[in-house]
2 protein chains.
Amino acid sequence: MTEHIFKNTAQPSKDASNEIIALFIAASHPVDLADWLGQLLRSEASNHFATLSLRRRAEVFGHLSLGIQADLARAMPPDAFAQILIEMDADDRTDLLKHLTQEERQQALKSLPQKARDDTNRLSAHREGTAGAIMTSDFAVLSPTMKTMDAIVALRCAAPDAETIYRSYVLDADGRLIGSVRLHQLILAADDAVIGGIMQPISVMVMPETGQEDVAKAIARYDLLALPVVDAAGRLVGIVTHDDAADALKAETTEDFQKISTVLPFTQSMRDASFRMLYSKRIFWLSLLVFGNLFSGAGIAYYEETILTYVSLVFFLPLLIDSSGNAGAQSATLMVRALATGDVVLQDWRDLIVRELAVAAALGGTMALVVLPLGALRGGTEIALVVGLTMFVVVIVGSLVGMSLPFLLSRLRLDPATASGPLVTTISDGVGVMVYFAIATAVLTL
Amino acid sequence: MTEHIFKNTAQPSKDASNEIIALFIAASHPVDLADWLGQLLRSEASNHFATLSLRRRAEVFGHLSLGIQADLARAMPPDAFAQILIEMDADDRTDLLKHLTQEERQQALKSLPQKARDDTNRLSAHREGTAGAIMTSDFAVLSPTMKTMDAIVALRCAAPDAETIYRSYVLDADGRLIGSVRLHQLILAADDAVIGGIMQPISVMVMPETGQEDVAKAIARYDLLALPVVDAAGRLVGIVTHDDAADALKAETTEDFQKISTVLPFTQSMRDASFRMLYSKRIFWLSLLVFGNLFSGAGIAYYEETILTYVSLVFFLPLLIDSSGNAGAQSATLMVRALATGDVVLQDWRDLIVRELAVAAALGGTMALVVLPLGALRGGTEIALVVGLTMFVVVIVGSLVGMSLPFLLSRLRLDPATASGPLVTTISDGVGVMVYFAIATAVLTL
């Protein structure tokens, strides 16, 4: 956070007095307290944590990183941990339990009441990256035959457990989702109105298997606070809240940034990432790209004679290859992002490729004009002609490859961000070299 | 949206019957209806729009793109447009009025009631990209001396106008923000409890000048539905809702994607972007990078003799330059994203540069080992030595440049994403060429 955000407490400095620390621990927002605890030594964090009230412990705990949660859990007596587990939101609890060892998990599950245990088992069955994995079972439920005043009483009882009570879901006798009611509708309605009469139809819902990116897109598109998740029989099994969807979307976006820059995806914080992990995530594409060079290197070797005769051709090699790669990266990145946000869909390909060709030709033409005088200056008229012509062609090729790859990968049901970056570079390189020296040989030996 | 999202209506196909279209118009979610209207010819859209009830028109209108809003506004009678304007959320209304001509805006403002006009004028005074520009003045307000039952009555009256009534803001007699109450606290509280007694302190707030990226980060960090905006005197002037913050964050992220791929930022949809705009946004850095080549070209020219003697050095030129650029792009992108999400802050630079040096050395070492046999195969032992050594050095240089540039730009109060991409490429190129031929000359003339 920067200086433009005003908070009622400031994080204590490293040499802060015990009074200041105590004040901060008592008055700070749970998120800020969790942040501060995360920066301390584990033993210190554990000591401070033990001084908190149960309510505050539960509030803070869910905001700690899973690693710290697990460490603190191990450092506290089992029944203290059990109390926190019961207080936690169902989705946060499930995430934590997945992070513990098999034995610790069994131990923790035993300490939970039956309902919480069933919930946790059900939630943890879903694959990572799906609606099922980020949904919570803490939602408020009403029956269609209830009167609004009874509904308000029911919500008063359910409120502390529901993650959001701003919208209650209306289920029929079989648990099937048939509508929803907003809290302020309940308040505005007459006391004896029946829920079935004031509820609204559900306009959007998803299945547990729906990808979290689609879930986040739907929540953003319809400005929802929560999105209901139903099973194949139409029974409500969970809701995904807007904040959890936003976290999932942030993680997916970070993954896209990593992928387009040829880094294998990882979810850890950059601040805490280890040497070993960074190395392993970055080396794969870097070293694979070396083998892509087998093609461009072979191309250059094939034209050795031309190079020896016109050595000034080499001056422009880096520029031509980079220009093709840059144009390709522009197109690829714009498309990866447009596909990720839903701005563009697979079917738009035909329309977009025509426009891309026009834009690429204009870019290539301009670049050719820019490079012509440089070519003339360094190598004379003929070299200028070769360099200009090559620039025109490779910018077009780079752009078309860059634009098409994300669509192709998406078509093959792969993430468009995967490999778009490195493949664009490699293909641009190979094509660039071949085009350059083929044009050179043709023009210069005329 | 994909097939994994279930909705109660499907968009009519192009040859759908009038009945199906009528059903869709009546039953679809305002967002979907707006989407469909946006795909029609303006005259068709205008005709369908005219058939909607006033309430539905107002719901749909805010979801149309600003260009279509303006076109529809021009096509309808002034008093019909005035009615929609009055119904719209204050922030949406302000955005639309900014999009009209000076004359149209004056005309529209005249048709608004005094309060709405003042609101609009106040909101439109703020700079784009700040909290002031995305906040709304439609918030629910309570006084600290009110009883909860009176508060609920007051909210019943205010509800249709407030963009969110899930949290009401408590102001003192001078309009200064002193606390807030959540709707379900009101419901849970005793009827005669006083607001001042049950309100919570405000834990986070911003100023109108606060950047929208900081606003969005704060909302995500504290899982807020809305963030209050106060003036220098502490008076509440607006709230930023979570959905508007999410839209702003999405736009900022798209801008980051554009910038790191050397595209000048633009906010238009990729699907609708014109040839002219795409060209103008992409040509700037592409052609500027040509001049960066003056350095690498000059470097190569300087070593012409070496090249003529050892032409196999040229085989590896694209590979070495690309590897340096790729390693740099990896580091730069990871840092740009980490700085944008707040994962890493300026002060972390010292710690991170040490780790980056270690990672880069390991990457460079591995890459050198990978390229050694290729070098030996194509050019013999000495060439292999030169290529391996160069690879080691340029991967380190590329990584360090890539990592440092976003910090440097951030330090200079520029957006870290700006220029990181193109500058990394250009610097890697220049340094790569110089290092390569300097090492070659040193090793091969021994």
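In strand β4 of chain A, A:R182 is the bridge partner of A:R167. The model described here is predicted, so to speak of local features a pLDDT of at least 70 is needed, side-chain atom pairs count only at pLDDT 80 or more, and totals for chains, interfaces and linings use all residues. Residues are numbered from 1 along each chain as its sequence is written, chains are lettered from A and ligands numbered from 1 in the order in which they are written, and side-chain values use heavy atoms, with hydrogens and water left out.

Strand β3 (residues 164–171) of chain A is joined to β4(A) by five bridges, and the two run antiparallel. Strands here are DSSP runs of E with at least two residues, helices are runs of H or I with at least four residues, and both are numbered from the N terminus; two strands pair if DSSP finds at least two bridges between them. In chain A, the order β2-β3-β4 makes up an open sheet of three strands with mixed pairing. Its edges are taken by β2 (139–142) and β4 (177–182) of chain A, each of which has a single partner strand, so one side of each is left without a neighbour in the sheet. From one strand to the next, the twist averages 35 degrees, where axes are lines fitted to C-alpha atoms (for helices over the stretch in contact) and angles run from 0 to 180 degrees between N-to-C directions.

Chain B also has an open sheet of three strands, in the order β2-β3-β4 and with mixed pairing. There, β2 (139–142) and β4 (177–182) of chain B stand at the edges with a single partner strand each, so each has one side without a neighbour in the sheet. Ignoring direction, neighbouring strands of this sheet are turned by 35 degrees against each other on average. Strand β3 (residues 164–171) of chain B runs parallel to β2(B), and three bridges join the two. Within this pairing, B:Y169 of β3(B) is the bridge partner of B:V141.

How are the two chains related? Chain B can be laid on chain A by a turn of 180 degrees and a shift of 0.0 Å along the axis, with an RMSD of 0.1 Å. The two copies are thus related as by a two-fold rotation axis. This superposition is by least squares on the C-alpha atoms of residues with pLDDT of at least 70 in both copies. The same surface serves both copies, as 100% of the contact residues of chain B recur in chain A; contact means heavy atoms within 4.5 Å.

Turning to the helices, α14 (residues 212–221) of chain A is mostly covered, with seven of its 10 residues buried. Buried means under 20% relative accessible area, exposed over 50%, and partly exposed in between (1.4 Å probe, protein chains only). The buried residues of α14(A) are A:Q212, A:D214, A:V215, A:A216, A:K217, A:A218 and A:I219. Just after this helix, A:D223 takes a positive phi of about 50 degrees. The unreviewed UniProt entry lists residues 199–255 of chain A for "domain: CBS". Over residues 199–255, chain A is 42% helix and 25% strand, with the end C-alpha atoms 39 Å apart.

Further along chain A, A:Q268 lies in the loop between α15 (242–260) and α16 (275–302). A:Q268 counts as partly exposed, at 37% relative accessibility. Apart from neighbours within four places in sequence, A:Q268 is in contact with A:A273 and A:M277. A:Q268 and A:A251 are 9.7 Å apart in space, C-alpha to C-alpha, and 17 residues apart in sequence.

In chain B, helix α5 (residues 66–75) has B:I68, B:Q69, B:A70, B:L72 and B:A73 buried. Their cover includes α2 (30–39), α3 (42–50), α4 (54–61), α6 (78–87) and α7 (90–99) of chain B.

Aromatic rings complete the picture. Rings of Phe, Tyr and Trp (its six-membered ring) pair if their centres lie within 6.5 Å, and planes under 30 degrees apart count as stacked, over 60 as edge-to-face and the rest as tilted. By this rule, there are 16 aromatic pairs over all chains. The ring centres of A:Y302 and A:Y303 are 5.0 Å apart and their planes stand at 90 degrees, so this pair is edge-to-face. A:Y302 is exposed at 66% relative accessibility, whereas A:Y303 is buried, with a relative accessible area of 12%. In chain B, B:Y302 and B:Y303 form an edge-to-face pair, with 5.0 Å centre to centre and 90 degrees between the planes. Ring pairs also link A:Y302, A:Y303, A:Y436 and A:F437 into a cluster.

Notes. UniProt positions are given in the numbering used here, feature names are shortened, and annotations may be inferred rather than shown by experiment.
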